6 protein chains.
Amino acid sequence: MHLLVINPNTTASMTDKIGAAARSVAGPDTEITSVNPAHGPVSIEGYYDEVFSVPGLLEEIAKGETAGVDGHVIACFDDTGLDAARALANAPVVGICESAVHLASLVAGSFSLVTTLGRSVPALEGLMLRYGMERRCRSVRAAEVAVLDLEAPGSTARDRIKAEIWAALREDGAEAIVLGCAGMADLAAELSETFGVPVIDGVAAAVKMIEALVGLGLKTSKVGAYAAPLPKPYAGTFARHAPKAS
Amino acid sequence: MHLLVINPNTTASMTDKIGAAARSVAGPDTEITSVNPAHGPVSIEGYYDEVFSVPGLLEEIAKGETAGVDGHVIACFDDTGLDAARALANAPVVGICESAVHLASLVAGSFSLVTTLGRSVPALEGLMLRYGMERRCRSVRAAEVAVLDLEAPGSTARDRIKAEIWAALREDGAEAIVLGCAGMADLAAELSETFGVPVIDGVAAAVKMIEALVGLGLKTSKVGAYAAPLPKPYAGTFARHAPKAS
Amino acid sequence: MHLLVINPNTTASMTDKIGAAARSVAGPDTEITSVNPAHGPVSIEGYYDEVFSVPGLLEEIAKGETAGVDGHVIACFDDTGLDAARALANAPVVGICESAVHLASLVAGSFSLVTTLGRSVPALEGLMLRYGMERRCRSVRAAEVAVLDLEAPGSTARDRIKAEIWAALREDGAEAIVLGCAGMADLAAELSETFGVPVIDGVAAAVKMIEALVGLGLKTSKVGAYAAPLPKPYAGTFARHAPKAS
Amino acid sequence: MHLLVINPNTTASMTDKIGAAARSVAGPDTEITSVNPAHGPVSIEGYYDEVFSVPGLLEEIAKGETAGVDGHVIACFDDTGLDAARALANAPVVGICESAVHLASLVAGSFSLVTTLGRSVPALEGLMLRYGMERRCRSVRAAEVAVLDLEAPGSTARDRIKAEIWAALREDGAEAIVLGCAGMADLAAELSETFGVPVIDGVAAAVKMIEALVGLGLKTSKVGAYAAPLPKPYAGTFARHAPKAS
Amino acid sequence: MHLLVINPNTTASMTDKIGAAARSVAGPDTEITSVNPAHGPVSIEGYYDEVFSVPGLLEEIAKGETAGVDGHVIACFDDTGLDAARALANAPVVGICESAVHLASLVAGSFSLVTTLGRSVPALEGLMLRYGMERRCRSVRAAEVAVLDLEAPGSTARDRIKAEIWAALREDGAEAIVLGCAGMADLAAELSETFGVPVIDGVAAAVKMIEALVGLGLKTSKVGAYAAPLPKPYAGTFARHAPKAS
Amino acid sequence: MHLLVINPNTTASMTDKIGAAARSVAGPDTEITSVNPAHGPVSIEGYYDEVFSVPGLLEEIAKGETAGVDGHVIACFDDTGLDAARALANAPVVGICESAVHLASLVAGSFSLVTTLGRSVPALEGLMLRYGMERRCRSVRAAEVAVLDLEAPGSTARDRIKAEIWAALREDGAEAIVLGCAGMADLAAELSETFGVPVIDGVAAAVKMIEALVGLGLKTSKVGAYAAPLPKPYAGTFARHAPKAS
């Protein structure tokens, strides 16, 4: 199967890292194409950045549809643009946050999220509620590390993430950890060994989840929430994104 | 005070109608400017349309901030782009859905929403949960009327809306009705008289709510969820929207 | 418009303070009458005091109705007698707790309440649940200050309130503060400046909220929960309060 | 043990009926005294009536405390004044609604309430939420029978109650029925036989529940919500109800 | 009445202790038979132990049914096998956890559970949700004491339990304590005196609760969740447990 | 990888059918062993049957662990014995209900369950709550078909299932369907085509879900809820199941 993994920010080095993480867990018959939009923020940290990442994200999804991919992964832990992508695509679409927390709920009675910045905590708490995980998720903790600093040499990011994991296990009673940023994809194995509990990376989780959906032949329901966009004109620079009659 | 009322779709006739509805309830010292984005969908019916309405919406909000408006109203019942707008603006921002349901909860033990299309129902149910109104809201009903048909001469839209209100009162036990589309702004008074219960239009509700916030000197908290966007580059056509260091 | 602001306890100096707070935010066309019952407790601290404040409160509301006021504010943070007042009145009625938390939810992702005594915490937690604010409200904290001590010269009340606000912001992740007692009405502006987050006083919030309702012509739904009391005899000293056939 | 069963309305014939229902299930060593206030409404149908029943109710509870009763039952299905009574009394206090629903949850996976008037439905739904029974309670149905009509000869009340029970079992999936009015106390046994499911009367349930609490030596916690009222003056006609220093 | 109290583990000394606790609160007309299964774990600490305790538990309940007992108590704080027991029995069945928390909610605004081992905490949190007590229950705390150590001479178990009670009252705001293990049945009175709040033992609570149900003639509803097992063959060693046609 | 699929009932023909369903979706490198216990009920329809299926189920899981399987699937829609299996096994374990509903939530805004008998509805509603799916799941509907009748020639089972699917889509607003019985595994593809929405079979879903977990190297957390059973004696016929010290 052919999967499209879209990093919704425009930082190509992160796209590469995400692509590598995706390929490292993909099945033998799975081909991964990792892309990022040409337009939008270099990292997504808060609601404002999200807005300007989604048009480009949807453009990549539209291209993937035309190319006939079998499934899409949105590789930002805010699950940016997920609903619109589902309305647009015929192939199934998953986000990395939702994939990670659903899998976490299958291997632990409870879990905590450890993310980058405190400003992302309320948005992630909102996702937990939306996904029905508000009781399973013990806490959303922020290591106060900027997304792009995760890649910086000499960064103390790793230590700060470890400190939050420790606190989640000890003070919040978490039984597993979900890493709350696509940029942490390479840390899961090491952290899992260090702490002796499941540590789940969203990119890897999403690849396996979309492989599962594709393997079952499941596609997004087109009845209700994710019905195809109604054909209509879009004004100005977005005109070319206007839904066409099918 | 000077309020900016933004219709996030690009249909100017609806902007005018919304502006008139806003002005009809505004206080004597309130000046209303109603605008719509230059770019984006002519109506917002589902998640996909939402995405392409928000960049233009935020552009209008940014212009309003520069012009020194005292508050912003987002006049689409999906409360499109509300979180990003709050992160961007210094002046307070309200959506018409949230304004209407909060006021509804002050004048009735329960209420129902009556909106346009069935595809919008799941999104509105999601808003009810987010706003803590999932118990107060008895039902979200769709009249299956396209947004722009609300304005069409000879439309049966009004009758279909009445039928759903009747069902909400009788079958669902609603004690009040919230009209779930900015395009229904002119119907509230008549429907309230017909049915003998409060019928609340979101545009009017939002104007009074933002007047209340401005009157109290309240602005959005910049701690946590709505912290100002971090300065960073945006690639491509969105470069001019990149947050600047303040 | 003419608004009645009822302090449900019998301490006239607090009534004056509440009236002043109300007038300081009221619109230019709003006339505020502030009253308190002739009968009942000098302060309301717990469920027992509430009971004996409500008959007098309703008497004031009945007088206000006869006088033709446009709206009523119940100025006790327990929203004492609110349901009965809505059943009685034709004009709309709001409580100061509900007004404050609804507005708080429009300017912050989360908030905490800071009230007077620990014994009030469970009642306020109950209100949060009733208003659908149990997820938005991060904590209800008590400064352990008696209501009437808020007015005492040399009181350390202010410092204890500040300590709890600090803890709410720092430990509980609150993004805004709601002051949980009508007697704190004069502190909001100063505290907001000190802490750099919205600090909301219920009296001011309620005045603007009832102005919004009156401005929209909204009245309490008389279908269901707030139907007018059925005419029937009341025995003994309460006979004169018996509902009459209309 | 000596139990006080208080009918909070002032209709003596209903007090007698309630007293008889209580005695019919009481243990051999249980003495039941049934009383009603001297002041207040002849029946309690809605929030307004509740207000004027509670001062008299508390007066009866205070008398019971002085007389040394071992426990109190509040025999109105709205559990009128329950919190204040718990703050006042040293002996434990139960309401008939809470007693009935807690017991119902021990003998059935779900239940429905069948009450008198539609205007009581929202209040009872509120109690379900407060008691944590919002998921167990499938529906609150109203037979649209006035409280005092339950005693009227030739009334069709019984048939209308049966119709609602039938609908609750068939349409709502209820596995047991709770009768939502103290005036239905004499119907439970017959209805249970007719429908072949548990039909629970609140008065009987409350007597057994308070016998359980008294038998275990349990009294209301005086820490937190139900702390004893603080001594303070009450003005006017309620002065004699003012809490005294103990 | 004749009640069967089943200790689902196979430690006879604990059965005796439970029986004594049950008899110490039983009414004068209540005969208590306490038993334990012949087969299964010596203590129940986690989900695995539960599985092997339930067949023997159900065997005891079946014997009790044949003997014509009036009610059953399952005396393990996990309420092990409760649903199956209700499906099997004609007489009513209660668990000690559910009995304790329902009674706790009648004498306090909130409570905490103090149990033996941390591994039991998630299961008890699950029960709180199931019983609708997730808001009333402030915390589930573990004293990290093995069940059988509660009976060991020289154990520090009691001190560790007291430390958790203290923390629940002080840090979690609990207003009452529920002891989360049948083996703590003899501690309730002493701890209640020490801490000045209600401390509730599940065995005692369950005896009074089942006395209440039996006193009211209430039996488990056989409609829906607890319908009698359908007659069918069981293979192998469980063949004799196969439900017979009635 | 080697997966063990355990049908917890003792009907070998159903085990074969489940095994075939599992193999039909398994990856090329996945080996499926399907087994059923030697002891226990021939079908699982309600809480009582569940009890006598779990010891045999756990015995099969223990054998699988010894044989070194990579993951376990419990193929009964009640997710019978899931918690105990997770405590026992080192390899990950999933149930077919949880697998199906988690996947359903990724391809539809809402779904309904269609199961066999009405008596299973409350148990499945309980699972929805436990899995956080109580808002996504619109309804649990029963076709009133006995499990083993699904395999009977000439059965009307299929028509009755279709009628309930139709009702779920039309009346309850479901956007996808989850088939609530392992015995329906062969119907999903056909029904999906008939109704034009995703129809999900739990056995297939579970195979892909456990493949995902195994592919990620995720095992059940042994901290907290699913800690390994403590070593202790088991009395009587269950002695050989007693946990050993590791």
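D:Asp49 forms a salt bridge with C:Lys232, and their closest N and O atoms are 2.5 Å apart. This pairing comes from a predicted model, so keep that in mind as you explore, because side-chain atom pairs count only at pLDDT 80 or more. Between chain D and chain C the count is four salt bridges. Side chains of opposite charge can pair when their charged atoms come close.

**How chain D meets chain C**

- On each side of this meeting place you will find 40 residues: 40 from chain D are in contact with 40 from chain C.
- Three residues of chain D lose the most area to chain C, namely D:Tyr48, D:Phe52 and D:Arg119, and together they make up 20% of what that side buries.
- The size of an interface is often given as the accessible area lost when the parts come together.
- For chain D and chain C, the buried area is about 3700 Å², and carbon and sulfur atoms give 70% of that area.

**Which parts of chain D take part**

- Two strands of chain D give two or more residues to the side that touches chain C: strand 3 (40–41) and strand 10 (234–235).
- Helices of chain D that do so are helix 2 (47–67), helix 3 (82–88) and helix 5 (121–130).
- Helix 2 of chain D provides the largest share of that side, with eight residues.
- Sorted by class, the side of chain D that touches chain C has 27 nonpolar residues, eight polar ones and five charged ones.

**Strands that pair across the two chains**

- Have a look at strand 3 of chain C (residues 40–41), which pairs with strand 10 of chain D in the antiparallel sense, over two bridges.
- In this pairing, C:Pro41 stands opposite D:Tyr234, a residue in strand 10 of chain D.

**Symmetry between copies**

- Chain D can be superposed on chain C by a rotation of 180° with 0.0 Å of shift along its axis, giving an RMSD of 0.0 Å.
- That is the relation of a two-fold axis.
- To find the axis in chain D, look for D:Val51: its C-alpha is the nearest one to the axis, at 3.7 Å.
- The same surface serves both copies, as 100% of the contact residues of chain D recur in chain C.

- Chain A and chain D do not touch, and their nearest C-alpha atoms are 16 Å apart.
- Chain B and chain E are joined by no contact, with their closest C-alpha atoms 16 Å apart.

**Salt bridges in the whole structure**

- Over all chains, a search of the whole structure finds 96 salt bridges.
- One of them links A:Glu171 with A:Arg141, whose closest N and O atoms are 3.5 Å apart.
- A:Glu171 lies in helix 6 of chain A (residues 157–171) and A:Arg141 in strand 7 of chain A (residues 137–142), so this pair ties together parts that are 30 residues apart in sequence.

Methods
Residues numbered from 1 in each chain as written. Chains lettered and ligands numbered in written order. Heavy atoms only, no water. Contact = heavy atoms within 4.5 Å. Buried area = accessible area lost by both parts, 1.4 Å probe. Salt bridge = Lys/Arg side-chain N within 4 Å of Asp/Glu carboxyl O. Helix = DSSP H or I, 4+ residues; strand = E, 2+ residues; numbered from the N terminus. Nonpolar A, V, L, I, M, F, W, Y, C, P; charged D, E, K, R; others polar. Pairing = 2+ DSSP bridges. Least-squares fit on C-alpha atoms with pLDDT ≥ 70 in both.
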